[in-house]
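Student: I'd like to learn how to read a model like this one, feature by feature. Can we go through it together?

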Amino acid sequence: MIITIDGPSGSGKSTLALALSNQLNFFCLNSGYLYRGLAYVLKNFYSYDETMLENPLPQDIQACFESGVFQYRYESGLAKIYWINEITQFLKDPEMARGAVLLAQSDVARSAIKDFQIKLMKNHDVVVEGRSCGSTMFPDAQVKFYLDADPSVRARRFVKDQERRGNHFSFDNALEVIKSRDLMDMQRSIDPLVIPKGAFILSSSIDNQDQVLQKALSHVKNVIHNKN
């Protein structure tokens, strides 16, 4: 079974995906980490700047994925990215978020990441989260969720998350970052952020993490019951 979770930045997709995977004993695939991880590798090991990330060279993308050094692991209930050593701790930086947005506009990068995802998903029931998983990458997924939250709620989460990483943002700056990211995701020409057809819509504006999880679990169980 494939379960997709789409939604804007800061809505809680990663948290829900991990919790849902743990509850169902599914493999968890964080597609955003793949884009951020690839952006980190290209910037730090291939000397890419932001302009180059918009149009990455096919041979560089191929080298990253075929080297065997770039790895995605789902271990002990956590999604992790490796490039020789673990690089997950760098992926929440705003710079990597911006890099992921730029890479997402590249057909070459998107095609390579989709192929990488499909290989990872072989022989697994999986929860995959991102911004176009249910709409484009896996349109035939048995269960699709769209998780949203008010921009002001997501901005406050962004401030707290960055504080834990030693980065300081005012609420107004965070809100500007969130709205800018939303605009880029929704207006990009390739696989824009949309509510996937047939998606079950969840909101984390008021519902806490456990309430969102319970609603998601209930929907999954209903889908499984109806199919049987």
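Tutor: Helices (H or I, at least four residues) and strands (E, at least two) are DSSP runs, numbered from the N terminus. Keep in mind that this is a predicted model: local features need pLDDT of at least 70, side-chain atom pairs count only at pLDDT 80 or more, and totals for chains, interfaces and linings use all residues. Residues are numbered from 1 along each chain as its sequence is written, and side-chain values use heavy atoms, with hydrogens and water left out.

Student: Is F27 buried or exposed?

Tutor: Buried means under 20% relative accessible area, exposed over 50%, and partly exposed in between (1.4 Å probe, protein chains only). F27 has 13% relative accessibility, so it counts as buried.

Student: Which residues is F27 in contact with, leaving aside its neighbours within four places in sequence?

Tutor: Contact means heavy atoms within 4.5 Å. On that basis, and with those neighbours left aside, F27 contacts S21, Y72, Y74, L120, H124, D125, V126 and V127. For V126, the C-alpha atom is separated from that of F27 by 4.6 Å, although the two residues are 99 apart along the chain.

Student: How do I read the sheet, and in what order do the strands come?

Tutor: Strands of a sheet pair through backbone hydrogen bonds, either parallel or antiparallel. The cut-off here is that two strands pair if DSSP finds at least two bridges between them. In this model 5 strands form an open sheet, ordered β2-β6-β1-β7-β8, with parallel pairing. β2 (27-30) and β8 (200-203) are the edge strands, each pairing on one side only. From one strand to the next, the twist averages 20°.

Student: How many bridges join β2 to β6?

Tutor: There are 4, and β6 covers residues 126-130. L29 stands opposite V128 in β6. Helix α6 (residues 107-121) lies across β1 (2-6), β2 and β6, and runs at about 170° to β2. Axes are lines fitted to C-alpha atoms, for helices over the stretch in contact, and angles run from 0 to 180 degrees between N-to-C directions.

Student: What about two helices packed together?

Tutor: Two packed helices are described by the angle between their axes and the distance between the axes. Take α1 (residues 13-24) and α10 (residues 209-227): they pack at about 50°, with axes 10 Å apart. The contact involves T15, L16, A19, L20, Q23 and L24 of α1, together with Q209, V212, L213, A216, L217 and V220 of α10.

Student: Last one: how many disulfides does the structure hold?

Tutor: A disulfide is a covalent bond between the sulfur atoms of two cysteines. With the cut-off for the sulfur pair set at within 2.5 Å, the structure holds 0 disulfides. C28 is in no disulfide, and the nearest cysteine sulfur, that of C133, is 10 Å away. C28 is buried at 2% relative accessible area, and C133 is buried at 1%.
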